[in-house]
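Thanks for coming, everyone. I would like to walk through one model this morning, starting with its ligand and then moving on to the sheets, the core and a few backbone details.

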Amino acid sequence: MTVQFMLNGTPVTVDDADHHTSLLQWLRNSGFTGSKEGCAEGECGACAVAQVLPRAEGGSRLEPLNSCLLSLADAHGREIITVEGVAPKATSGGASGSASRPLHPVQQALVERGGSQCGYCTPGFVVSLFCEYYRAERTSPDPEAISGNLCRCTGYRPILDALESLPTPAADDVTERLSRDRVALAELSHATPARTFLRPTTLTGVVDALRDNPKAVLLAGGTDVMVEVNQRFRRIDSLVALDGVPELKRIEWTRDELVLGAGATLSDIELALRDAQADQRALEMFDQLLPLFSSRLIRNRATLGGNLATASPIGDSAPALLALGARLCLLSATGERFVPLHEFFAGYRKTVLQPGELIVDVRIPRPFPVLQRFYKVSKRPLDDISTVAAAFALTLDDSRAVRSMGIAYGGVAAIPLRASDAEAQALGKPWNAATQQAVTLKLTELGTPMNDHRGSADYRRAMITSLFERFCADTAAPASLRSKP
Ligand SMILES: Cc1cc2nc3c(=O)[nH]c(=O)nc-3n(C[C@H](O)[C@H](O)[C@H](O)COP(=O)(O)OP(=O)(O)OC[C@H]3O[C@@H](n4cnc5c(N)ncnc54)[C@H](O)[C@@H]3O)c2cc1C
Ligand code: FES
Ligand code: FES
């Protein structure tokens, strides 16, 4: 298939592109060896490149992504800047006539603060810092900007120093580019008897593509799919990419629900919640969950639809959404249906999705519960997969009796679990030690935890009750036990 995109301001055409090839592999084979391959699975950020994206307020913005997890086919129509494109264009070298290329301020900051030793991670840091430098809302340094970049020899302090020293962007080629709009992703359709790669730009187009290719695999952010392609050498005959469909990125507050498009990235959701009205915002569960979900580089691509469709027992969004009582809108050529999330998981890595069906959006009922907590137990506090995750959502009525209670866990069974029996112990009862004890007792019967390298079955079982006890302790302050207005 022929793929065309903008690379460092220059149009590029790739003939014979294969959708199993990552953008990183193509870059390195084409001489753009500044982007490094450290892991090929989204863990290190050495392959980070910047993407120009539309900005809701008009104009454009930059966002870094791991090029090892972007299919070359899905690069079609994008505007990419690699580390080679960061420094300003060469200027004439005066009397000697030689061209000199000044460093970009982010490169200068890394040089001055000693932010590089072996240099393997440096191109990735440069790209992440480059995106942060031009972030329109930047008022203070955001360490999250480099949370997906690992350095094994310099140590992070000098790199953080460089981040903290970044000045306000001066007018340059990049600010001029970002002042202009970014066009939407174009459709791409490539079908041969051996391989199909389709990127529709409407929901109807996706449904038609799935109807015509019922065995096709959907590709959203690719943070699961491309890891399997790169690391397990999975070959996929037919891919349908979702990133070109605006309907799947919809984030909307209706009177009764918050609707999160299945194709909205976690970073999109983070931004939308930050910019929402105060009364809409009270989705503390996501404020707690999102910073614990991998790194900014992954969240810039990972979607809720992808996280739920994998049906991973340790996926982080499932417990949070189960406790919040979310439901899913599913769509296929035969029509639309709504499924409560607790009925969506059918077994280990299995869902009730039928062939040709996709998740369109996730709907969280409003008003949101007053008390919400998400806890993730993992070997590292940040950027790690859960051993156990737990989510709790509680609302009391005026007499301080339990009006609604949501309790859910990941990592304690083959599927993410909602603890309905335990919730029932609390409904209508006063929120006191006796009720909490009854819930705890019921929770001891929950799940079928297993042993693996992340934790033993006994440890996981102990976490079920101790995380609930933590919720009770965290929310014990009388001020936090007010009922919902
Ligand atoms: C380094 C790294 C760290 C990670 N850390 C975490 C973590 O902390 N917590 C966590 O939970 N996960 C984590 N993950 C896993 C992954 O990022 C998430 O599962 C992510 O949400 C998947 O979304 P995606 O859009 O990238 O899915 P994709 O890889 O595009 O797709 C995943 C699956 O979902 C299907 N799919 C995608 N969209 C839809 C849809 N709309 N309807 C139906 N099916 C669909 C695809 O066909 C595929 O089978 C991590 C992954 C990596 C590589
Ligand atoms: S090579 Fe490590 S994140 Fe891409
Ligand atoms: S400078 Fe060596 S890994 Fe970062």
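Before we look at the ligand, a word on classes: Ala, Val, Leu, Ile, Met, Phe, Trp, Tyr, Cys and Pro count as nonpolar, Asp, Glu, Lys and Arg as charged, and the others, Gly among them, as polar. Please keep in mind that this is a predicted model, in which local features need pLDDT of at least 70 and side-chain atom pairs count only at pLDDT 80 or more, while totals for chains, interfaces and linings use all residues. Residues are numbered from 1 along each chain as its sequence is written, and chains are lettered from A and ligands numbered from 1 in the order in which they are written.

With those classes, the shell around ligand 1 divides into 16 nonpolar, twelve polar and five charged residues. There are 33 residues around this ligand, and the closest are Ala-220, Gly-221, Gly-305, Gly-306 and Asn-307; a residue is taken as near a molecule or strand if its C-beta atom, placed from the backbone, lies within 6 Å of it. When I name helices and strands, I mean DSSP runs numbered from the N terminus, helices being H or I with at least four residues and strands being E with at least two. At least two residues of the shell come from each of β8 (217–219), α7 (225–231), α12 (304–309) and β16 (358–365), and α12 supplies the largest share, four residues.

Turning to the sheets, two strands pair if DSSP finds at least two bridges between them. One open sheet has five strands in the order β2-β1-β5-β3-β4, and its pairing is mixed. The edges are taken by β2 (10–14) and β4 (60–66), and because each has a single partner strand, one side of each is left without a neighbour in the sheet. On average, and ignoring direction, neighbouring strands of this sheet are turned by 35 degrees against each other; for such angles, axes are lines fitted to C-alpha atoms, for helices over the stretch in contact, and the angles run from 0 to 180 degrees between N-to-C directions. Within the sheet, β3 (residues 48–54) and β5 (residues 79–81) run antiparallel and are joined by two bridges, with Ala-50 standing opposite Ile-81 in β5. Helix α3 (residues 122–133) packs on the sheet, where it touches β3 and β4, and its direction makes about 20 degrees with that of β3; contact between two residues means that their C-beta atoms, placed from the backbone, lie within 7 Å.

A second open sheet has four strands, in the order β17-β18-β19-β20, with antiparallel pairing. Its edge strands are β17 (371–377) and β20 (417–418), each of which pairs on one side only. Between β18 and β19 there are eight bridges, and the bridge partner of Leu-394 in β19 is Met-405. Strand β19 (residues 402–410) pairs with β20 over two bridges, one position being Ala-408, which stands opposite Arg-418 in β20. Helix α16 (residues 457–474) lies across β17, β18 and β19, running at about 145 degrees to β17.

What about the interior? A residue is buried if 20 or more other C-beta atoms, placed from the backbone, lie within 10 Å of its own, exposed if 12 or fewer, and partly exposed in between. A nonpolar core is then a set of buried Ala, Val, Leu, Ile, Met, Phe, Trp, Tyr and Cys residues joined through C-beta atoms within 7 Å. The largest such core has 136 residues, of which Leu-129, Val-240 and Ala-391 touch the most other members, and its largest share, eight residues, comes from strand β18 (residues 388–396). Leaving aside neighbours within four places in sequence, the contacts of Ala-391 include Met-285, Phe-374 and Ala-408.

Finally, the backbone details. Most residues other than glycine have a negative phi, and most peptide bonds are trans. Here, Ser-294 has a positive phi of about 45 degrees although it is not a glycine; Ser-294 sits in the loop between α10 (284–289) and α11 (296–299), and it counts as buried because 22 other C-beta atoms lie within 10 Å. Arg-349, likewise not a glycine, has a positive phi of about 55 degrees, but Arg-349 is partly exposed, with 13 C-beta neighbours inside 10 Å. The peptide bond from Arg-366 to Pro-367 is cis, with omega near -5 degrees, and Pro-367 lies in the loop between β16 and β17.
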